[in-house]
Amino acid sequence: MKRGYSESPSASLGPPQSRFKYNPEGDAEFLEDESTKIFARKVAEHYSARTNQTLEEREASVIIHLKKLNNWIKSVLVQLYARRGDAVLDLACGKGGDLIKWDKARIGYYVGIDIAEGSIEDCRTRYNGDADHHQRRKKFSFPARLICGDCYEARLDHVLADDAPFDICSCQFALHYSWSTEARARRALANISALLRPGGILIGTMPDANVIVKKLREAQGLMFGNSVYGIRFDEEYAEKKFSASSPFGIKYLFHLEDAVDCPEWIVPFHVFKSLAEEYDLELVFVKNSHEFVHEYLKKPEFVDLMRRLGALGDGNQDQSTLSPDEWEVAYLYLSFVLRKRGQPDRTQAPNRRDRGQMQIGKEDIMYISTD
Ligand SMILES: C[S@@+](CC[C@H](N)C(=O)[O-])C[C@H]1O[C@@H](n2cnc3c(N)ncnc32)[C@H](O)[C@@H]1O
């Protein structure tokens, strides 16, 4: 396993530490630093403020091929692991960009949660098939519930006690927002583990810390990027060293043209893997996006999917493809799959699908506050 970012420990560069208190139930509960809450709010506000694009605006985006490639990667993960009738938990579901993928997999039940109110509202209208995205389509075939809240702070096992267990949990381009403190990273994994059935699957995508730290070390200063993205670390990382004993709270600012502009956190993957094991989640695979593309483009069904999604053109008249700068951004990410330990209990007949609805009103969205 590559450990590029942890080879040069530095005792002086510790990120903010988690502070714990114990509540009467005996749970380790986190007293959040004000700054942690402010950053979580910043992330929420950033995503909430992003308005839906029309199809024309989307096609005109400078990163349209990257968006299509990311959709292809997520579709491949869904097709590899989702089974007909599955109950799906979409953590940090955003505007519901993956609803169609789940529909194609013919899942049986969907719960989407996101911290950004605006995104959950967009997800609701998209699920209802409302014509606000210029993307009118037939209704989805599975019942759903939508929840607005902080997945990395709330006790989702309490909130979703009657909906669990889930067969699949998906956390796409979002798990790194939990890595601001150890407590949040643990809460994320504890939530996922508690809600997945034995043998259940976590699929996800997040930044590849090895690539980001390598690029930082190759850069002249603390900033690097290209025409479509920029990453900036604070002065506290001037030595470009990261303490192996403080793998949480390593913040950088990420700008991706037409997509992201907010604080993010480095997730050293070997730490993620061992922390996940503490929560009975075992690694199935991890692959950088470049490797992922090369590997799954060997399979004809996924070549066909790529053609339909158009990330690399349609193979005929449309010769368009990712620009070198978009391809470099793809390299900043990895995909992972984890499995919850244990054997599925096939005798248990879930009734949770009754909890979902086929048409979700504003008043049906559940808001969970952790203040
Ligand atoms: C890059 S977007 C990805 C959205 C969606 N998963 C997708 O792939 O289209 C990241 C999402 O993470 C959400 N997010 C960030 N921090 C979160 C938190 N603490 N709890 C829930 N959602 C969070 C953001 O609001 C945003 O919708």
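Asn70 counts as buried because it has 23 C-beta neighbours inside 10 Å (20 or more other C-beta atoms within 10 Å means buried, 12 or fewer exposed, in between partly exposed; C-beta atoms are placed from the backbone). This is a predicted model: local features need pLDDT of at least 70, side-chain atom pairs count only at pLDDT 80 or more, and totals for chains, interfaces and linings use all residues. Residues are numbered from 1 along each chain as its sequence is written.

**Annotated positions**
- An unreviewed UniProt entry lists Asn70 and Asn71 under "binding site"; such annotations may be inferred rather than shown by experiment.
- Asn70 is in helix α3 (helices are DSSP runs of H or I, at least four residues; strands are runs of E, at least two).
- Asn71 is also placed in helix α3.
- Asn71 is partly exposed, with 19 other C-beta atoms within 10 Å.

**Sheet**
- An open sheet of 8 strands runs β12-β13-β7-β6-β3-β4-β5-β14, with mixed pairing (two strands pair if DSSP finds at least two bridges between them).
- β12 (281-288) and β14 (366-367) are at the edges with a single partner strand each, so one side of each lacks a neighbour in the sheet.
- β3 (residues 87-91) and β4 (residues 109-114) pair in the parallel sense over 5 bridges.
- Leu91 stands opposite Ile113 in β4.

**Ligand shell**
- The ligand is surrounded by 19 residues; the closest are Ala92, Gly94, Ala116, Gln172 and Ala174 (C-beta atom, placed from the backbone, within 6 Å).
- Helix α1 (residues 34-49) gives the largest share, 4 residues.
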